[in-house]
Amino acid sequence: MASTPLLLALDQGTSSSRAALFDSEGRLIASASAPLAIHYPADGWVEQDPAAIWQSQLQAMAALEKALSPEQRQAVSGCGITNQRETTVLWQRSDGAPCGPALVWQDGRTADLCRQWKHQGLEAEWCQRTGLLLDPYFSASKIRWLMLHEAAANAAAARHDLCFGTVESWLLWHLSGGTRHCSDMSNASRTLLMDLEQRHWVDAFCEQASLPLSALPELVPCRGDFGAIASGLPFAGVPIHALLGDQQAATLGQLCLDYGEAKCTYGTGAFLVVNTGSVIRRSHAGLLTTLGWTDADGTPTYCLEGSLFNAGTVVQWLRDGLGIIESAEAINTLAAQVTSSAGVMLVPAFTGWGTPHWDPEARGLLIGLTRDSDRRHIARAALEGIALSVATLVHLAETALGQGLGELAVDGGAAASDPLLQAQADSTGLRVRRPASLESTARGVALLAGVQCGAVCDLRALQRQRMEGASVFMPHLDFEQRDHWRQRWDDAVHRSLRWSGSHHNGEAIA
């Protein structure tokens, strides 16, 4: 074991932080995780404590290091960081103190601000240059809100002491002992502040967000030499070689290296990412154009992406909110007890809708209930609602590419559900492939770090492993059945839109 290099992945997610160890072929050796609290102070508001994000990641690192043998610890050759994207942190450069809460990617409090920017005619240029839309999902409006409402942020800016970063930047700052303030291009492409083609920060967009240019992190490729883990921390001295947003990392972890190859990750939300190679492929139907990853010299691979804000949260709601299941796994047993949802549909717009509607005022909807409906039908409708939401994303991607996807690789915690993946195959008409290990996000950034440190010679050589231990789900519905099902779904979704009033949570943002 000690003679072969091992690769450390730090996977900071919305509801937990993980630390995982892989060999040079991407096989999982060991992992540890720590939970992370999410706060909902008002309808549509989603926050986390930046210090808790760091402590959660630190806890996972310490637990993993403790579980390793001395030989394994010595064999760790490189580290990669992957993270929940768009979540926005402001802090003081002098001491690392956060300037307010971390505004999570799901947070919708800036809907009024985005609407005002649209009314000012700003969206066309923003969309053209960044590949994104003016939506609360992305970092720019979150920065503006923090600058408006957090006195500590303004005071730090006045002293030229302010730092902005998404979560990989926040973690790297701590891991390096406050010596590295960087953001990689995959994460930067989700902020509304980076030019997608030129791959540099756009000063005018930073000004619109009220962010001083001095607060920007250094923009770096997704792999390179980003210092080493500081002394006194778990895995001290291990070089940091890769930074990558979680959805891009999962795409790489699934080895979707060729044009038109696609994966969907079912975590807190569900995210479809399709590799478009060196081509910046644009959609006019709500898909996002994003940077997938870069080589060490910054040469990019681009992707199309569809974003669903709620997937795993639906299962959590059934467990913690309604109490109709005792564990997340129990939803599969419950859903399998009926052959259909008997017309019940659950639209998972708890925190608004992403692709294709981009409506922060949408809310969840349970429709089609009769006196005969019971918790089994609701459980099945919940899984089908996730699958049908993703099926919409798949259809838009196929339209934008002008070709079918053929196969959908899947991962993330909810991908362990057989009923969900069968519904995914039925609703898309695609073959759905689940790998033997669902740790695709951590695996992807570990492999990228391995390429940089020389432990991984050729990612394409690993593609032959994709079917090893994989589970495959084939569609059972014919075209007419699928089309009728999806038409009813579209009707249900449209009933959920624009439900929450734009001034529901207080004053409008000036």
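This is a predicted model: local features need pLDDT of at least 70, side-chain atom pairs count only at pLDDT 80 or more; totals for chains, interfaces and linings use all residues.
1. **Strand S15 and its partners.** Helices (H or I, at least four residues) and strands (E, at least two) are DSSP runs, numbered from the N terminus. Two strands pair if DSSP finds at least two bridges between them. S13 (residues 270-277) is antiparallel to S15, with seven bridges joining the two. S14 (residues 288-294) also runs antiparallel to S15, over six bridges, and here leucine 288 stands opposite glutamate 305. The hairpin of S14 and S15 has five residues between the strands, and glycine 298 in that hairpin takes a positive phi near 95°.

2. **How covered S15 is.** Take buried as under 20% relative accessible area, exposed as over 50%, and partly exposed as in between (1.4 Å probe, protein chains only). Nine of the nine residues of S15 (residues 300-308) are buried, so the strand is largely enclosed by the rest of the structure. That goes for both faces: Pro300, Tyr302, Leu304, Gly306 and Leu308 point one way, Thr301, Cys303, Glu305 and Ser307 the other, and all are buried.

3. **Glutamate 305.** This residue of strand S15 has 1% relative accessibility and counts as buried. Glu305 is also part of a salt-bridge network that links it with Arg85, Glu86, Arg190 and Asp246. A salt bridge here is a side-chain nitrogen of Lys or Arg within 4 Å of a carboxyl oxygen of Asp or Glu.

4. **Salt bridges across the chain.** The model holds 24 salt bridges. One of them joins arginine 109 and glutamate 47, with the closest N and O atoms 2.9 Å apart. This pair links distant parts of the chain, 62 residues apart: arginine 109 is in the loop between strand S7 (102-103) and helix H3 (111-119), and glutamate 47 is in strand S4 (residues 47-48). Both residues are buried. Another joins glutamate 361 to arginine 115 at 2.7 Å between the closest N and O atoms. That pair spans 246 residues, from the loop between strand S16 (345-347) and strand S17 (365-367) to helix H3. Glutamate 361 is buried at 13% relative accessibility, while arginine 115 is partly exposed at 27%.

5. **A salt bridge inside one helix.** Arginine 129 and glutamate 125 form a salt bridge with 3.8 Å between the closest N and O atoms. They are four residues apart in helix H4 (residues 123-130), so about one helical turn separates them. Arginine 129 is partly exposed at 26% relative accessible area, and glutamate 125 is partly exposed at 45%.

6. **Aromatic pairs.** There are 14 in the model. Rings of Phe, Tyr and Trp (its six-membered ring) pair if their centres lie within 6.5 Å; planes under 30 degrees apart count as stacked, over 60 as edge-to-face and the rest as tilted. Tryptophan 91 and tryptophan 173 make an edge-to-face pair, 6.1 Å centre to centre with 65° between the planes. Tryptophan 91 is in strand S6 (residues 89-92) and tryptophan 173 in helix H7 (residues 167-175), so the pair ties together parts 82 residues apart in sequence. Tryptophan 91 is buried at 0% relative accessibility, and tryptophan 173 is buried at 9%. Elsewhere, ring pairs link Trp105, Tyr137, Phe138, Phe271, Phe309 and Trp358 into a cluster.

7. **Arginines over rings.** A charge sits over a ring if NZ of Lys or CZ of Arg is within 6 Å of the ring centre and within 35 degrees of the ring normal. Arginine 85 lies over the face of phenylalanine 271, 5.7 Å from the ring centre. Arginine 109 has its charged end over the ring of tryptophan 145, 4.5 Å from the centre.

Notes: Residues are numbered from 1 along each chain as its sequence is written. Side-chain values use heavy atoms; hydrogens and water are left out.
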